Amino acid sequence: MQDEPTPIELTKSVADFLRGDIAPLISGHQAFKLRVAINILDLVTRQLTQEEGSDAAEVERLRALLGIDGSVTELNRALVERIAKGEVDLATPGLAEHLWATTMDKLAVDQPNYASYKRELGRG
Amino acid sequence: MIEAELSRSVVRWCKGATGVTGAAKLSGGASQETWRFDIVHPDGPIGAILRRSPKGYGAAPTRAAGLAAEAELMQLAYEAGVPSPRVMHVLVPDEDLGTGFIMQRVEGETIARKILRDDEFAAARPLLARQIGGVLAGLHRLPQDKLPELRSRSATQEIAEFERDYRSLNWPKPVFELALRWLRDHDPGPSVETTLVHGDFRNGNLIIGADGVRAVLDWELAHLGDPMEDLGWVCVNSWRFGEIDKPVGGFGTREELFAGYEAAGRKVDPARVKFWEVMGTLRWGIMCGGMMQRFREGPDHSMERAMIGRRASETEIDLLRLLAPRGS
């Protein structure tokens, strides 16, 4: 077991420093690059916070859908194979719900401000 | 630097010109650059744009038409009254500027978010969807016997190409897999008519002024194919920049787009447009994957490229909204 602060806390402290102390000092292309850098750190923080829970839920759904066991990557490979072969499609009970849940969890990490995501969040 | 070479070039073909000033690079990857500059002229400065591949970067990527073809297409469009910059000069080897061309600079805005938010464009915005329909109709009517040599692509070939690109990423994405399946099942077959297709006609590649569309840019993906491809691509959600209820570039409705296209004397096939919108959404998603791959393998190890890889999920939610919409 590693010591604390946690990676989430450490990453967030760097993002907060760049946002609060450095961003006001620079402009132009450098400021643009800094915004990208801060966005990356924010994304990493979100992923570290959410990934464990969302991956576990994804594995649960994939096990039920496919009737096999494996890691989240293995199960995704099995799912794409079945879709490619036409064995699984949108008529398969649970597939649409699974893809929606998985995609919403990805957007929550990647782009929580994406307009389509915000719209769909309102439906959930 | 580049101003010396540009000066030597312009005095040769622009009558009265004495040199250039204010050269600044607007954008550029490794293989292609865009520069703005002013031609110094006794009648006043002439705004110009240079599009070029620097020396040693002659070969275009496989999908690109090439800068020479791009220059020819823009000039043809200009002559046919399709909003386009006038091409002033095609570079020749002894100018030492690489390959490419110089065109008139059209004033206006290309940044999509500004066009969608700034007051300056408030009067133009409601007119743009219909206007874009008219511009596309003009573009699809450019005389085929005058076009440069372009690749020809049917829907079936495009699906196969995207499938190959996707598989080469080795990136198991169930939503992309489902979209590929949907595209194969809904392949509309060869179109009744084959025309020039711009290939990247969207908000972001248009110069917009207070009066509307002033120029269509970035012809590098032009090819021959189904004209409905351009109508579908302009509707892809990624090019609505948050205005998701206005499918045509965030400006307006498909009905307005179609009405503008048909008022200019051409026919719309809405089912084909929908097909190309799905295809376009997947296309951008796979391109995001390509960016991730280039980031990983170098030479472009930039943060921006890395983050574009994380935008593939945007196209996944948009594909789900198209193919498996949830109750409203």
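Start with the contacts in chain A of this predicted model: of those between residues at least 6 apart in sequence, 47% join residues at least 24 apart. How does its radius of gyration sit against the globule rule? The value is 19 Å, well over the 14 Å that the rule gives for 124 residues, so chain A is more spread out than a compact globule.

Here are some figures for chain A:

| Feature of chain A | Value |
|---|---|
| Box filled by C-alpha atoms, along the principal axes | roughly 55 × 40 × 25 Å |
| Buried share of the 124 residues | 17% |
| Radius of gyration | 19 Å |

Now over to chain B. Its domain assignment gives domain 1 (20-104) and domain 2 (112-323). The centres of these two domains, taken over C-alpha atoms, are 24 Å apart. Where they meet, 16 residues of domain 1 of chain B are in contact with 16 residues of domain 2 of chain B. The domain 1 side of that meeting has 11 nonpolar, 2 polar and 3 charged residues.

Then there's the largest nonpolar core, with 93 residues. Among those with the most contacts inside it are Ile132(B), Leu136(B), Ala179(B) and Val216(B). Helix H9 (residues 270-297) of chain B gives the largest share, 10 residues. Both domain 1 and domain 2 of chain B give residues to this core, so it lies between them. For a closer look, take Ala179(B): leaving aside residues up to four places away in sequence, Ala179(B) touches Val278(B), Leu282(B), Leu319(B) and Leu323(B).

Key:
Residues are numbered from 1 along each chain as its sequence is written. Chains are lettered from A and ligands numbered from 1 in the order in which they are written. This is a predicted model: local features need pLDDT of at least 70, side-chain atom pairs count only at pLDDT 80 or more; totals for chains, interfaces and linings use all residues. A nonpolar core is a set of buried Ala, Val, Leu, Ile, Met, Phe, Trp, Tyr and Cys residues joined through C-beta atoms within 7 Å. A residue is buried if 20 or more other C-beta atoms lie within 10 Å of its own, exposed if 12 or fewer, and partly exposed in between; C-beta atoms are placed from the backbone. Helices (H or I, at least four residues) and strands (E, at least two) are DSSP runs, numbered from the N terminus. Domain bounds come from an automatic or database domain assignment. Two residues are in contact if their C-beta atoms, placed from the backbone, lie within 7 Å. Ala, Val, Leu, Ile, Met, Phe, Trp, Tyr, Cys and Pro count as nonpolar, Asp, Glu, Lys and Arg as charged, and the others, Gly among them, as polar. The radius of gyration is taken over C-alpha atoms; the globule rule is 2.2 Å times the number of residues to the power 0.38.
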